[in-house]
Amino acid sequence: MTADIPRRVPVAAPLGETAWRVRTRRWRELAAAVLANPTTVVGLVLIVLLLAVAVSAPFITEPNTPDPYQMPRDWGALNEPPGTPDHVLGTTNTGGDVYYGIIWGARTSLRLSLIVVSITVTVGVAVGSIAGFRGGRVDEVLMRIVDVFLSIPELIFALAIAAVLGPSFRNIILALAVVFWVKYARIMRAQIIHVKDNDYVDAARVIGDSSWRIYLHDVLPNAITPVMVQATLDMGHIVLVGATLSFIGLAEAGLAEWGVLVSEGQVGISAGRWWASTFPGLMVFVWALAFNLVGDGLRDVLDPRTEAR
Amino acid sequence: MQIRDYVLRRLMILPLLVVGTSIIVFALTRVGGSPIGIYLSHEMNQAEVAQLEERFHLNDPLPVQYVYWVTGVLRGDLGWSGVAAAPVTEVFPAKLAASMELAVASAIVAVVLGVALGTYAGARRNRLPDHLTRIFSISGASMPLFWFAILLLIIFWVNLGWFPIGRSSPELFARIAHPTGLYTVDAVLSGDMTALLDALWHLALPALTLGYGATAIIARMMRSSLVEELQEDYVDAARAKGLPERLVLRRHARRNALIPTVTVIGLTFGFLLQGTVVAEIIFRWPGLGRWMADAVLRGDQATIMAYVMFTSVLFLAVNLVVDVIYAYLDRRVVLGT
């Protein structure tokens with residue numbers, strides 16, 4: 001949890017070494033270390049594929065009009081098994097094309113995870129920074145609020161919020177944002193307190209830098225790595241939790257989203273119609289797996305203490 | 001800080017956290033507007049609706065309503081559950097028993113399997129079993145519970161017909177008394193072997209499903225802490241005095257490796273608690289989780305409030321116990337904020 005940037009840079013840099021060169025070399029080394037782990041590479045490849053599908057969804061399948069995020073309904077082809085012409089992966093009991101749902105579901109998931117991660121990281125980093133940097137009473141108050149948020153299990157908290165706001169995908173996004181920022185606040189605060197004690201921060205203070213400048217130039221860049229690792233893991237985790245909420249029934253019916261599709265397909269399993277649940281659920285799994293693999297790989301490189309390999 | 005001071009400090013903060021949680025949850029449940037909907041029916045006229053609003057204090061300001069709610073809770077009144085069509089406190093014990101039976105069974109599965117797998121993999125570091133266990137663990141963290149449950153149902157219920165869904169067979173349910181509400185315990189108490197087998201048979205699939213994620217977490221932790229312990233000097237010493245590898249593992253390394261694993265076991269409890277919502281929906285298990293899901297979909301705020309508060313308090317208590325056990329087991333832990 002309390003990793004700082006790995007100190008691979010030699011203490012005395014060779015002559016002619018500019019800050020920029022040091023920085024690019026450091027990034028190159030980091031990339032090489034990350035890519036040395038085969039499971040991380042598998043994860044990266046999966047992520048690239050999933051993102052490609054999400055981005056190019058309109059070119060892979062004809063967008064449904066007027067709302068492409070709504071499943072197209074083919075009322076002449078209900079419960080068709082996979083392999084049917086026009087419906088490669090079969091249809092649901094309301095004539096939804098499973099293939100369309102999978103492709104556009106990737107786009108829905110990307111939207112969900114990007115929005116939630118950017119909101120939660122921004123809020124969490126801001127709150128954590130204020131608490132860690134200011135300390136004292138501000139810190140105490142903010143951290144007690146964080147404690148309260150952390151005392152409710154996350155899925156149940158999100159479930160309650162989404163329920164109150166009413167069933168819609170936008171409210172799922174909102175609920176997840178309300179629940180997930182606290183983690184980042186915690187991590188960031190711990191990091192700031194750790195980094196603040198370094199000599200270079202004192203040095204900056206001695207030469208008269210403003211607090212804001214010290215924070216931006218010396219503290220934040222050295223404290224942010226664990227947040228990045230957590231954000232990578234959350235890109236997967238949020239889709240997992242979001243799909244769970246929509247599976248339970250908190251998204252609009254007919255949304256092209258994997259959890260909704262699994263829930264729709266669940267009805268037919270006792271009649272032997274396995275496909276409508278199986279394929280979209282597999283996508284949730286692959287999505288979460290891809291980001292978990294990369295997140296774990298990043299953590300191993302950035303914070304070698306967490307797991308002895 | 002002394003352990004005693006630490007525990008006292010944590011115990012003092014606990015009520016504050018509970019109150020804070022209740023305020024947040026109460027405020028949240030009312031953001032969406034009045035909870036009157038669940039109590040209404042089509043035949044009601046204006047006066048009757050007004051009467052209901054009066055009865056549930058829905059016209060008072062929010063803080064006043066909160067005080068009503070708190071005094072109600074202190075008097076043992078958690079409100080009326082629209083979904084169950086009964087007072088919350090009346091339905092709660094039976095549903096709690098159902099959920100607890102499922103969660104405890106899953107926890108047993110997870111601890112036994114997780115520790116065994118972790119030990120097996122850790123002792124064979126970087127060999128095939130270790131790699132397979134790693135795949136198993138990473139998959140567990142990425143597995144959507146709702147999908148895993150449906151897959152198992154498709155395989156074992158629809159196609160093979162090996163396992164049933166629901167909680168028990170009706171005729172066996174009627175045959176025995178249910179003093180505890182835990183069907184396995186009830187069957188043992190009435191000495192009915194068939195009923196016990198039936199209860200276990202119904203429990204098996206949901207418990208395995210729910211236990212998978214936790215098994216993965218525990219196996220991973222057990223594996224990495226065992227790998228660490230096996231590099232310690234005392235292990236070399238034990239080997240040097242000629243102890244067979246099996247005993248080195250069982251008597252020395254595994255015992256120490258269990259210390260960090262204990263905390264993870266505690267933390268997976270929150271994981272299991274959340275998982276019951278999904279597992280209970282899919283396996284038609286009549287517990288708290290399914291009740292909560294129904295309440296959520298129909299806007300039954302009394303039930304949502306009760307459920308969220310209950311899980312939070314349980315979660316806080318478990319976390320406290322875990323931290324204390326950990327602090328006690330491993331004195332190197334620095335206590336504090």
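What share of the contacts in chain B between residues at least 6 apart in sequence join residues at least 24 apart? The share is 73%, where a contact means that the C-beta atoms of two residues, placed from the backbone, lie within 7 Å. The model is predicted, so local features need pLDDT of at least 70 and side-chain atom pairs count only at pLDDT 80 or more, while totals for chains, interfaces and linings use all residues. Residues are numbered from 1 along each chain as its sequence is written, and chains are lettered from A and ligands numbered from 1 in the order in which they are written.

**View 1. Confidence along chain A.** Confidence in chain A is lowest in helix α1 (residues 19-35), with a mean of 83, and highest in helix α4 (residues 98-134), with 92. Helices (H or I, at least four residues) and strands (E, at least two) are DSSP runs, numbered from the N terminus.

**View 2. Helices α4(A) and α5(A).** α4(A) packs against helix α5 (residues 136-150) of chain A at an angle of about 140 degrees, with the axes 7 Å apart; the axes are lines fitted to C-alpha atoms, for helices over the stretch in contact, and angles run from 0 to 180 degrees between N-to-C directions. The crossing of α4(A) past α5(A) is left-handed, that is, the near helix is turned anticlockwise from the far one by less than a right angle. V127(A), I130(A), A131(A) and R134(A) of α4(A) meet G136(A), V138(A), D139(A), L142(A) and M143(A) of α5(A). By class, this contact has 6 nonpolar, 1 polar and 2 charged residues, with Ala, Val, Leu, Ile, Met, Phe, Trp, Tyr, Cys and Pro counted as nonpolar, Asp, Glu, Lys and Arg as charged, and the others, Gly among them, as polar.

**View 3. The side of chain B that touches chain A.** In this contact, 40 residues of chain B meet 38 residues of chain A. On the chain B side, α1(B) gives the most, with 8 residues. That side has 28 nonpolar, 11 polar and 1 charged residues by class.

**View 4. The largest nonpolar core, around A158(A).** A nonpolar core is a set of buried Ala, Val, Leu, Ile, Met, Phe, Trp, Tyr and Cys residues joined through C-beta atoms within 7 Å. Of the 172 residues in the largest one, A158(A) and A160(A) touch the most other members, and α9(B) supplies the largest share, 18 residues. Not counting residues up to four places away in sequence, A158(A) touches A175(A), L176(A), V179(A), V241(A) and L245(A).

**View 5. Two loop residues of chain B, A85(B) and R284(B).** A85(B), in the loop between β1 (80-81) and β2 (86-87) of chain B, has a positive phi near 55 degrees although this residue is not glycine. A85(B) counts as exposed because it has 8 C-beta neighbours inside 10 Å; a residue is buried if 20 or more other C-beta atoms lie within 10 Å of its own, exposed if 12 or fewer, and partly exposed in between, with C-beta atoms placed from the backbone. R284(B), in the loop between α11 and α12 of chain B, also is not a glycine and has a positive phi of about 50 degrees. With 13 other C-beta atoms within 10 Å, R284(B) is partly exposed.

Technical notes
pLDDT = per-residue confidence, 0-100.
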